[in-house]
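Student: Could you walk me through this model, starting with how its strands go together?
Tutor: Gladly; here it is.
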Amino acid sequence: MAVDKCEPGYIASRKKISFLWLFLFLVIGIAIFLVGYLITHTRANIFTVIAVLMSLPAAKRIVNLVVMLPRKSVDRERFDRAKEAAGEGTLLADYVFTSTERIMHLDFVAIKGRSVLALTAPSRQDVSYMKKYFADMIRRTAPDYEVRILDEYEEFLRCLKDVPTALDDIGDEGREDRNLDSGEESRESRVADSGEGKKTHQAAAEKLAELLHSMAV
C-alpha cells in the first residue's frame, strides 16, 4: 500500500513501488520486442520502437530509486514518541528534499509554537550544507520562526517537549502585553484578542506545513 509523502514508511513504500513499476516496464518492453521479432523476424519494426519507448517511464523509476535507495524510513516506535512530544504541533517524517545541487534527508521536521525543529537522518550527506540550506529556507519563508536542526534523537524529543504550544505562547504574550492596562480593558476584549492571535498563528503554522510538504520529494 502506498504511503503519503511525509508520513512514516514513505521512503520504504516509495522504493517498493519504484521497484515494482521498473520491473513491470522492463517485462512489458521485453515482451513487446519479442512479439515483434517473432512476427516480423527482424528487429526493425514498430514493436521495437514501442519497446524502446517503454524505457522512458522506466528511467523515471530509476531516478526515484537513485533518490530513495540510500535512505531509510523511520520506524513506527520512533515516530510515535516524536508525535507524542509534538503534541498539537505538526510532525513530518521521512522528509527528503532537494536543492539545485544536493538531495537531502531529515528523519523528522516538527512545527510547534513558534519553532521549527528537525532531526538529521543517518543518510550519507553533507550535513553542514543541509542544515544551512534548510535553515535559510525556513527563515526566508517564515522569518518569525526559530529553526533548530538536531543530530540526536533523544535531544530532539527533549527540545520538542520543551517548546510551548502556540496556544500557551500566545496566551502568555497576551497577558504580558496587558499587565499595565488590564484594569481598563474588559475580560471579553482580552479573550477576543487572544483568540484572534491564536487563529492567526495557527493559519501561519498550517501555511508553513503546506509549504514544507510541497517541497518534499
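Tutor: Two strands pair if DSSP finds at least two bridges between them, and helices (H or I, at least four residues) and strands (E, at least two) are DSSP runs, numbered from the N terminus. This is a predicted model, in which local features need pLDDT of at least 70 and side-chain atom pairs count only at pLDDT 80 or more, while totals for chains, interfaces and linings use all residues. Residues are numbered from 1 along each chain as its sequence is written, and side-chain values use heavy atoms, with hydrogens and water left out.

Student: OK, what stands opposite Leu-91?
Tutor: Leu-91 stands opposite Ala-110 in S2. Strand S2 (residues 103-112) runs antiparallel to S1 and is joined to S1 by 8 bridges, and a hairpin of 4 residues connects S1 to S2.

Student: And how many residues of strand S1 are buried?
Tutor: Of the 9 residues of strand S1 (residues 90-98), 7 are buried, so the strand is largely enclosed by the rest of the structure. Buried means under 20% relative accessible area, exposed means over 50%, and partly exposed lies in between (1.4 Å probe, protein chains only).

Student: Switching to rings, how many aromatic pairs does the structure hold?
Tutor: The structure holds 10 aromatic pairs; rings of Phe, Tyr and Trp (its six-membered ring) pair if their centres lie within 6.5 Å, and planes under 30 degrees apart count as stacked, over 60 as edge-to-face and the rest as tilted. One of them is the edge-to-face pair of Tyr-95 and Phe-134, with 6.4 Å centre to centre and 75° between the planes. Tyr-95 lies in strand S1 and Phe-134 in helix H5 (residues 127-141), so this pair ties together parts that are 39 residues apart in sequence.

Student: Are those two buried or exposed?
Tutor: Tyr-95 and Phe-134 are both buried. The rings of Phe-108 and Tyr-153 make a tilted pair, because their centres are 6.3 Å apart and their planes are at 35°. Phe-108 belongs to strand S2 and Tyr-153 to helix H6 (residues 153-162), so that pair ties together parts that are 45 residues apart in sequence, and both Phe-108 and Tyr-153 are buried.

Student: Which charged end sits over the ring of Tyr-153?
Tutor: That of Arg-78, which sits 4.2 Å from the ring centre; a charge sits over a ring if NZ of Lys or CZ of Arg is within 6 Å of the ring centre and within 35 degrees of the ring normal.

Student: What does Arg-78 form a salt bridge with?
Tutor: Arg-78 forms a salt bridge with Asp-107, the closest N and O atoms being 3.3 Å apart; the term covers a side-chain nitrogen of Lys or Arg within 4 Å of a carboxyl oxygen of Asp or Glu. Asp-107 lies in strand S2 and Arg-78 in helix H4, so the pair ties together parts that are 29 residues apart in sequence. Asp-107 is buried, with a relative accessible area of 5%, whereas Arg-78 counts as partly exposed at 24% relative accessibility.

Student: What about Arg-102, where does its charged end sit?
Tutor: The charged end of Arg-102 sits over the ring of Tyr-129, 4.5 Å from its centre. Arg-102 also meets Asp-126 in a salt bridge between their side chains (3.1 Å, N to O). That pair links distant parts of the chain, with Asp-126 in the loop between strand S3 (115-120) and H5, and Arg-102 in the loop between S1 and S2, 24 residues apart.
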